[in-house]
Amino acid sequence: MTITLNNRQENFFGQEMTIAEIMQAKSFHFRMLVVKLNHQLIKREAYATTLVKAGDRLDIIHLVSGG
Amino acid sequence: MTYSTKISEILSVKTAGIAGAGGLGSNVAAALVRSGIGKLIIADFDTVSLPNLNRQFYFAAQTGMKKCNALKENLLAINPLARIEVHDCRVTPQNASAIFSECNIVVEAFDSAEEKSWFAEYMTGHFPRIPLVMGSGLAGWGGFERLKIQQADNLYVCGDQESDALPHAVLTAPRVIMVAMMQADTVLGILLKELNYDHHTE
């Protein structure tokens with residue numbers, strides 16, 4: 001499937017993946033994240049159960065300390 | 001009417017919120033006052049200390065002062081007519097709405113990833129129409145080419161999203177101020193959208 005991940009087209013095997021699986025595939029391992037799927041904020045508890053399908057828009061932002 | 005007149009006219013009626021007055025917040029505030037923003041609403045609980053002076057917009061004589069009061073003093077030194085509202089408190093989910101709900105745009109300038117995280121969720125959930133300009137990934141030095149701005153709807157994140165200030169990295173003036181200026185520039189870009197002015201082609 002092809003999705004828009006952080007404003008770029010990305011291909012993944014399979015027709016559906018959870019957000020947690022996509023994070024693992026892309027090695028997104030940071031502790032603090034902001035995740036939006038099709039413009040909806042997704043809570044951390046739902047990463048492992050929320051399905052991403054072809055054509056979806058997924059935004060994953062890493063938050064690290066310093067300000 | 002000249003572009004600069006139009007720009008002042010648009011900015012003079014805008015209010016920007018700044019959550020945190022450390023390295024990011026204090027420098028963003030200075031840039032926005034110089035740009036002619038109508039009003040700033042700044043919240044911070046902290047006190048100016050000597051180690052802050054390597055990157056934050058404060059002066060040696062101000063150590064021991066509350067940051068929000070010291071920053072107001074410095075911003076008024078730039079423009080005595082600037083409208084600066086300060087809140088001497090820690091921003092929490094209980095007071096964030098009362099402090100920032102009237103803003104046209106809000107800048108996140110907290111220190112810790114945990115604070116950035118709840119604030120992003122809170123503002124995105126409660127005020128999806130208010131653009132939120134965050135900073136993430138600004139520790140150390142070098143690697144300027146990795147600094148970026150990521151946009152997801154009304155959320156804008158400036159920084160490299162990887163150089164963590166914890167546990168060992170240091171915060172230095174050039175990189176912190178550069179990300180602060182990316183935030184300030186993003187604020188201007190959003191507030192001046194209605195101007196429809198593309199300086200790259202004119």
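**The sheet in chain B**

Mentor: Chain B has an open sheet of 7 strands in the order β3-β2-β1-β4-β5-β7-β6, with mixed pairing. Strands here are DSSP runs of E, at least two residues, and helices are runs of H or I, at least four, both numbered from the N terminus; two strands pair if DSSP finds at least two bridges between them.
Trainee: Before we go on, where do the numbers come from?
Mentor: This is a predicted model: local features need pLDDT of at least 70, side-chain atom pairs count only at pLDDT 80 or more, and totals for chains, interfaces and linings use all residues. Residues are numbered from 1 along each chain as its sequence is written, with chains lettered from A and ligands numbered from 1 in the order in which they are written.
Trainee: Which strands stand at the edges of the sheet?
Mentor: β3 (83-87) and β6 (148-152) of chain B; each has a single partner strand, so one side of each is left without a neighbour in the sheet.
Trainee: How many bridges join β2(B) to β3(B)?
Mentor: There are 5, and β2 (residues 39-43) runs parallel to β3(B). One of the residues involved is Ile41(B), whose bridge partner in β3(B) is Glu85(B).
Trainee: And which strands does helix α2 of chain B touch?
Mentor: Helix α2 (residues 23-35) packs on the sheet against β1 (15-19), β2, β4 (105-108) and β5 (132-135) of chain B. The direction of α2(B) makes about 170° with that of β2(B); axes are lines fitted to C-alpha atoms, for helices over the stretch in contact, and angles run from 0 to 180 degrees between N-to-C directions.
Trainee: New topic: which residues touch the most other members of the largest nonpolar core?
Mentor: Ile18(B), Ala29(B) and Ile42(B), out of 72 residues. Such a core is a set of buried Ala, Val, Leu, Ile, Met, Phe, Trp, Tyr and Cys residues joined through C-beta atoms within 7 Å, where buried means 20 or more other C-beta atoms within 10 Å of a residue's own, with C-beta atoms placed from the backbone.
Trainee: Which element gives the most to this core?
Mentor: Helix α6 (residues 173-191) of chain B, with 9 residues.
Trainee: What about chain A, how many helices and strands?
Mentor: Chain A has 1 helix and 7 strands, running β-β-β-α-β-β-β-β from the N terminus.
Trainee: How many residues does each chain put into the contact?
Mentor: Chain A gives 15 and chain B gives 33, with contact meaning C-beta atoms, placed from the backbone, within 7 Å. On the side of chain A, β7(A) gives the most, with 3 residues.

Note on methods
Two residues are in contact if their C-beta atoms, placed from the backbone, lie within 7 Å. A residue is buried if 20 or more other C-beta atoms lie within 10 Å of its own, exposed if 12 or fewer, and partly exposed in between; C-beta atoms are placed from the backbone.
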